[in-house]
Amino acid sequence: MNQSYWAGEHWAGAFEQDGSCVVAALVMEAVAYGDIWPLWASGGSIGQNAVKLMGTAAQKERWVGGMVRGEMRCAAFALTEVHCGSDIAQLATTATRDGDVWLFTGTKMDYSMGASADYVVVFATIDEAAGRHGIRAFVVEKGTPGFIVAKRNEGKLGIRSAETSELRFENCAIPLDRCLGWGAEPIVGSGGKRKQSGFVGAVATLGTTRPLLAGISLGMARAAKDIAREWARERRGEFTAVRFAGLGDEFARMENALTHGRRLVLRAAWMKDHGIANPREAAAAKAYGPPIAERVIRRCLQIMGPDGASESYLVEKWHRGVKIHDIFEGSGQVMRMTMSRERMGAFAARG
């Protein structure tokens, strides 16, 4: 592979001039260029991001500070349920107040690090009739009675190194102050401005990580492209001059498409670092990146023929693992709906 892009000097400007989201996007793409398992082995998840976004000062000190101090390893983010994935307004997990505790009932599925996390940020409804406005976020710590790991890890076609768990709550009781934002300002503040809690907070949290997922898929695709190109060069004598030139054109188009995807990722990350609302840009990065990465990897596998499907190369592994990045944290269809609503108004996609 050509490793020149990942040379150390390329990173200096990012650390000095840009923020953590831009750097994280570049780092994750670089890691995925080799293999994505270190991203999972590091215990990375997005639960702490939800606490930073929606929690009170005391909650941040306890659950974000605990991560920084090394007292906790990782935090999970429990949103998806069996009957609903992207349409999170349909959540069925309930949180009912009973005196000085919340009682949880429901099932969550496909949660990264759900079984290993020190705590899980669980999204549940406190008022089913209120729809998405009744959704709140709660911190449930590992070992809480009634918090059951129904399945530690799902059997999967790809990303086999990732722990994706099914969690069940059976009258799981937690203190009232485990509700993120509890005791702070009301959900709707002065001037009618909605605070980032529950449904709104979930969407905002995903706005941080969606570009990063897109970057991971682009890293895998770039690696597949480089492997396929090197494979073709080693077998140049087996191709006609016209056919080999055609492959060169294909690889150049792949590079252009992946570079465009990286620009979308970095734009969304840069906006996040500078406090600029980026729901449309984050959705654009994720709507474009994983599908184009899948197309590139699939074409590389086809060019390499039986070698592409062989375990002698990582192309087949990337082919198995890339599709989920189009589904994780909002499918491509939802991303296009998000872009439409941001561009044309909240009601444009409903008509």
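Mentor: Start with the term: a nonpolar core is a set of buried Ala, Val, Leu, Ile, Met, Phe, Trp, Tyr and Cys residues joined through side-chain atoms within 4.5 Å. Buried means under 20% relative accessible area, exposed means over 50%, and partly exposed lies in between (1.4 Å probe, protein chains only).

Trainee: What kind of model is this, and how are residues numbered?

Mentor: This is a predicted model, where local features need pLDDT of at least 70, side-chain atom pairs count only at pLDDT 80 or more, and totals for chains, interfaces and linings use all residues. Residues are numbered from 1 along each chain as its sequence is written, and side-chain values use heavy atoms, with hydrogens and water left out.

Trainee: Back to the core. How many residues are in the largest one, and which have the most contacts inside it?

Mentor: The largest nonpolar core holds 45 residues. Those with the most contacts inside it are L79, F104, Y119, V121 and F123.

Trainee: Which elements give two or more residues to this core?

Mentor: The helices on that list are α4 (47–54), α5 (57–68) and α6. The strands are β1 (75–78), β3 (101–112), β4 (119–125), β5 (135–141) and β7 (164–175). Helices (H or I, at least four residues) and strands (E, at least two) are DSSP runs, numbered from the N terminus.

Trainee: Which one gives the largest share?

Mentor: That is β4, with six residues.

Trainee: How do α4 and α5 pack?

Mentor: Their axes are 9 Å apart, and the packing angle is about 150°. That makes α4 roughly antiparallel to α5. Axes here are lines fitted to C-alpha atoms, for helices over the stretch in contact, with angles from 0 to 180 degrees between N-to-C directions. Under 35 degrees counts as roughly parallel, over 145 as roughly antiparallel, 65 to 115 as roughly perpendicular, and the rest as oblique.

Trainee: And which hand does the crossing have?

Mentor: α4 passes α5 in a left-handed crossing (the near helix is turned anticlockwise from the far one by less than a right angle; clockwise would be right-handed).

Trainee: At what angle do α7 and α8 cross?

Mentor: Helix α7 (residues 241–273) and helix α8 (residues 279–304) cross at roughly 160°, and their axes come within 9 Å. Those two are therefore roughly antiparallel as well, and α7 passes α8 in a left-handed crossing. The residues of that contact divide into 17 nonpolar, two polar and five charged.

Trainee: Which partners does D226 have?

Mentor: D226 forms a salt bridge with K225, the closest N and O atoms being 2.9 Å apart. D226 also meets R229 in a salt bridge, at 3.0 Å, N to O. D226 and R229 both lie in helix α6 (residues 199–234), three residues apart, about one turn of the helix. D226 is buried at 6% relative accessible area, and R229 is partly exposed at 23%. Salt bridges that share partners join E29, R222, K225, D226, R229, E255 and R262 into one network.

Trainee: Which residue does E170 pair with?

Mentor: E170 and R168 meet in a salt bridge through their side chains (2.9 Å, N to O). E170 is partly exposed at 43% relative accessibility, and R168 is partly exposed at 29%.

Trainee: What is the phi of N171?

Mentor: Phi of N171 is near 50°, a positive value in a residue other than glycine. N171 sits in strand β7 and counts as exposed, at 54% relative accessibility.

Terms used:
Nonpolar A, V, L, I, M, F, W, Y, C, P; charged D, E, K, R; others polar. Salt bridge = Lys/Arg side-chain N within 4 Å of Asp/Glu carboxyl O.
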